[in-house]
Amino acid sequence: MSYSALQIWGIIGTLAIGTFLIRFSFLGLIGNRTMPDIVLRLLRYTPVAVLPGLVAPLVLWPAATGGQPDVVRLVAAAVALAVGLWTRQVIYAILAGFGALYAGLVVAHVL
């Protein structure tokens, strides 16, 4: 199916308006009110919930290997998970996973 330039710009404009309205409904309408404690407590878990959703596809189906699981990435994810559970610090888990991935890629490149 082929779209004309006008149709593409119409889709982009519609998505921009929709995105604005979604954000405005939260920030513009209730942005100056104090939120209930339960909402504030649940919002603290948002980054912890989003990060695995961003990382999991990169670990399980990496584009660099044509979508095939890679031992180096799986080991780095396991190291990051272990460090995160052990220290309860996200930054340490990220750094440990990065270090394990880098070390694994260097070792794999040398071999």
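Predicted model: local features only at pLDDT ≥ 70, side-chain atom pairs only at ≥ 80, totals over all residues.
What percentage of the 111 residues of the protein count as buried? The views below take up this point and others.

View 1. Of the 111 residues, 11% count as buried. The cut-off for buried is under 20% relative accessible area. The protein exposes about 9,200 Å². Carbon and sulfur atoms supply 74% of that area.

**View 2. Overall dimensions of the C-alpha trace.** Along its principal axes the trace spans about 55 × 50 × 15 Å. The radius of gyration is 21 Å. For a compact globule of 111 residues, the value would be near 13 Å.

View 3. Take the contacts between residues at least 6 apart in sequence: 25% of them join residues at least 24 apart.

**View 4. Packing of helix α3 against helix α4.** Two packed helices are described by the angle between their axes and the distance between the axes. Helix α3 covers residues 46-60, and helix α4 covers residues 71-87. Their packing angle is about 145°. The axes lie 8 Å apart.

**View 5. Residues where α3 meets α4.** Which residues of α3 take part in this contact? They are L58, V59 and L60. On the α4 side they meet R73, L74 and A77. By class, the contact has five nonpolar residues, one charged residue and no polar ones. Arg counts as charged, so R73 is the charged member.

Notes: Residues numbered from 1 in each chain as written. Heavy atoms only, no water. Rg over C-alpha atoms; globule rule 2.2 N^0.38 Å. Buried < 20%, exposed > 50% of the residue type's maximum accessible area, 1.4 Å probe, protein only. Contact = heavy atoms within 4.5 Å. Areas by Shrake-Rupley, 256 points an atom, 1.4 Å probe, with all protein chains shown as cover. Axes fitted to C-alpha atoms, helices over the stretch in contact; angles between N-to-C directions. Helix = DSSP H or I, 4+ residues; strand = E, 2+ residues; numbered from the N terminus.
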